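Hello,

Here is the structure I promised to hand over. Please open it first, then read the notes below it.

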Amino acid sequence: RDSMALMHAVARAAPESAQVVATFDHGTGTAATRASDLADARAGPLGLPVVMGHAVATARGASEAEWRAERLAFLRDVARGASAHIGRPVSIATAHRRDDQVETVLMRVLRHAGARGLAGLYAQGEVVRPLLECSRAEVAAYAEGVGAVWVEDPSNDSMRYFRNRVRRDLLPALSRARPGLDDDLLSLARGAADWRDRVDAIASAISRVDGAPGAVSVAVEQLEGYSRAELSVLWPTIAARVGLAMDWRGTVRAAAFTTESRVGARIQLSGGWEIWRSRHLFELGRWR
């Protein structure tokens with residue numbers, strides 16, 4: 001419903017801004033295929049071209065994180081193709097709402113996320129979210145008002161998934177005990193997003209991304225004088241510039257390596273990444 005509402009809103013308010021509707025069939029059953037086919041059928045009358053993607057055969061048994069990663073990879077491919085076609089950058093737009101942000105932040109609190117993670121959907125990045133300040137009820141009312149049709153995702157009713165348990169059980173219970181919890185979580189996320197933007201600016205200023213091998217480097221002198229606690233903030237931000245989400249263990253090791261290593265030393269991180277030190281640089285990239 002939310003994605004179909006966004007498609008209608010863009011077609012009505014800013015059709016010239018939409019390059020393509022990208023719809024992805026996760027291969028999880030008939031509902032997923034019907035939803036993708038419906039987006040294809042409805043976009044044409046709105047004057048919007050469509051690109052359809054399909055999951056690999058193993059998607060039915062995949063986790064939520066794997067579904068999300070595969071979908072994002074598809075959206076990135078579509079955005080790159082559209083950018084090449086028109087000769088300027090194209091963003092990915094999704095239909096996340098205010099309620100999605102509240103759920104995301106609470107889930108990350110429960111998982112002991114740091115400030116970088118607590119920004120949630122407010123974090124600056126490749127995805128724009130035009131409906132993020134709208135509530136579930138507002139988007140539902142708009143979808144009904146414009147005559148949007150959609151296919152309900154049966155997985156939204158499954159208590160197998162953590163987000164659904166948070167949405168249907170935990171958040172209502174916590175909100176009854178603490179009225180205003182939603183606003184508190186959103187305020188926390190805004191503060192974390194501001195903090196994240198400031199740290200990102202520092203990391204961008206002191207590090208350099210080498211696009212060809214997908215590596216990022218930072219001068220040894222740029223990291224001198226930072227404490228391990230400060231380096232534990234900087235390294236995940238530097239790593240994020242090349243798509244690496246550093247875990248807690250890797251972050252601690254990177255901070256210690258920065259202050260203790262000698263020229264020629266290296267440490268391995270999870271996922272096939274490593275940090276090595278030359279005379280003048282720390283470099284992070286794939287294992288050599």
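Start with strands β8 (residues 273-277) and β9, which pair in the antiparallel sense over five bridges. Within this pairing, E274 stands opposite G285 of β9. Please keep in mind that this is a predicted model.

**The sheet**

Which strands make up the open sheet, and in what order? There are five, running β5-β6-β9-β8-β7, and the pairing is antiparallel. At the edges stand β5 (207-210) and β7 (266-268). Each has a single partner strand, so one side of each is left without a neighbour in the sheet. On average, neighbouring strands are turned by 15 degrees against each other, direction ignored. Helix α8 packs on this sheet and touches β5 and β6 (215-219). The direction of α8 makes about 70 degrees with that of β5.

**Helix against helix**

Helix α8 (residues 181-206) also packs with α10. Their axes are 9 Å apart, at an angle of about 75 degrees. An angle of 65 to 115 degrees counts as roughly perpendicular, and α8 and α10 are therefore roughly perpendicular to each other. From α8, the contact takes in W195, V199, D200, I202, A203 and I206. From α10 come V233, L234, T237 and I238. By class, that makes eight nonpolar residues, one polar and one charged.

**The aromatic rings**

The model has four aromatic pairs. One of them joins W235 and F282. This pair is edge-to-face, with 6.4 Å from centre to centre and 90 degrees between the planes. What does the pair tie together? W235 lies in helix α10 (residues 228-240) and F282 in strand β9 (residues 281-286), so the link is between parts 47 residues apart in sequence. W235 is buried, with a relative accessible area of 1%. F282 is buried as well, also with a relative accessible area of 1%.

F257 lies in helix α11 (residues 248-260) and F282 in β9, so the pair ties together parts 25 residues apart in sequence. F257 is buried, with a relative accessible area of 8%. Taken together, ring pairs link W235, F257 and F282 into a cluster.

**Two residues to look up**

The next stop is H8, in helix α1 (residues 2-13). Is H8 buried or exposed? Its relative accessibility is 11%; the cut-off for buried is under 20%, so H8 counts as buried. Leaving aside residues up to four places away in sequence, H8 touches L46, Y142, V146 and A148.

The other is E103, found in helix α4 (residues 98-110). E103 counts as buried, at 2% relative accessibility. Which residues does E103 touch, not counting those up to four places away in sequence? They are R136, R163, V166, R167 and L171. E103 and S3 are 100 residues apart in sequence. In space, the two are 18 Å apart, C-alpha to C-alpha.

Best wishes

Methods. Residues numbered from 1 in each chain as written. Predicted model: local features only at pLDDT ≥ 70, side-chain atom pairs only at ≥ 80, totals over all residues. Heavy atoms only, no water. Phe/Tyr/Trp six-rings, centres within 6.5 Å; stacked < 30°, edge-to-face > 60°. Helix = DSSP H or I, 4+ residues; strand = E, 2+ residues; numbered from the N terminus. Buried < 20%, exposed > 50% of the residue type's maximum accessible area, 1.4 Å probe, protein only. Axes fitted to C-alpha atoms, helices over the stretch in contact; angles between N-to-C directions. Parallel < 35°, antiparallel > 145°, perpendicular 65-115°, else oblique. Contact = heavy atoms within 4.5 Å. Nonpolar A, V, L, I, M, F, W, Y, C, P; charged D, E, K, R; others polar. Pairing = 2+ DSSP bridges.
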